[in-house]
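Subject: Structure handover

Hello,

Here is the structure for you to look through. My notes on what was found in it come after.

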Amino acid sequence: MTARLRGFPYLRRMCLLLRMADKSELSLDAGVLYVVATPIGHLDDISRRAVTVLGAVETIAAEDTRRTLSLLRAYSIVAPKLVSLHEHNEVEVAGRLVRRLQSGESAALVSDAGTPLLSDPGYHLVRSCFEAGVPVRPVPGPSALIAAMSVCPLPLSGCRFEGFLPSRSGARRATLTTLLEFVQPVVFFEAPHRLRDCLLVLDAIAPELRVFVAREMTKRFETYLVDRPGKLVEQMDATEQWRGEV
């Protein structure tokens, strides 16, 4: 995260109000899992409701507790109990969290950035809550997917979201070849160190394709490019714009 709290008077006012408020004034419905969207970069993109919920729940399930703790400190939120929930332990942790929710505790689910479950952990927890009759409520906000689509100069009606492409080159090429068979546009995430290879594959199998790249959205070096895949490789090679979230 590149933004500093000191630069945003709105957040300073909001955090001051939270420090002045009694914990009981921020009470939430008991036994509810709140799925909370957090900023993808710019700290001012948090919602007032998200700050309220994160400051009032008994437990926060986080993809990376260290990153979430830094986020809470940025908004002057006294951290509740933080529980690590990621792809390797989610099934086990989900069971424990559901039991705590059934006992009347409230909890929040957050990812490292953006809206949980969109190519981030959380599916098993949400499903377990529904199966156990535990209420789940969204606290909507930032989403890398929606942010990119909102500034895309290509038609996106009826688009398909693919998540992350496979990491292995052969599987990635096969997936891209299959995706090109669809008539509608396709949106996906890609790791920065694989983006160049991805564009070269597209250039080899569909050189006339129109591609939009959204990089480092809401951050200091945010970049938006649209062109044929080969031209994008040339342009990004010339400026060394291969790092960051894509």
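**Aromatic pairs and other findings**

F212 is buried, with a relative accessible area of 19%, whereas Y224 is partly exposed at 36%. Here buried means under 20% relative accessible area, exposed over 50% and partly exposed in between, for a 1.4 Å probe and protein chains only. Ring pairs also link F161, F164 and F189 into a cluster.

Before the rest, two notes on the source. This is a predicted model, in which local features need pLDDT of at least 70 and side-chain atom pairs count only at pLDDT 80 or more, while totals for chains, interfaces and linings use all residues. Residues are numbered from 1 along each chain as its sequence is written, and side-chain values use heavy atoms, with hydrogens and water left out.

Of its 246 residues, 42% count as buried.

Helix 8 (residues 192-205) packs against helix 9 (residues 229-239) at an angle of about 150°, with the axes 8 Å apart. The axes are lines fitted to C-alpha atoms over the stretch in contact, and angles run from 0 to 180 degrees between N-to-C directions. That makes helix 8 roughly antiparallel to helix 9 (over 145 degrees; under 35 is roughly parallel, 65 to 115 roughly perpendicular and the rest oblique). In contact terms (heavy atoms within 4.5 Å), L195, R196, L199, L200, L202 and D203 of helix 8 meet P229, G230, L232, V233, M236 and D237 of helix 9.

V187 sits in strand 7 (residues 186-189) and is buried, with a relative accessible area of 14%. Leaving aside neighbours within four places in sequence, V187 is in contact with L145, M149, L156, C159, R160, F161, E162 and G163. From V187 to L156 the separation is 31 residues in sequence and 9.0 Å in space, C-alpha to C-alpha.

Regards

Conventions: Helix = DSSP H or I, 4+ residues; strand = E, 2+ residues; numbered from the N terminus. Phe/Tyr/Trp six-rings, centres within 6.5 Å; stacked < 30°, edge-to-face > 60°.
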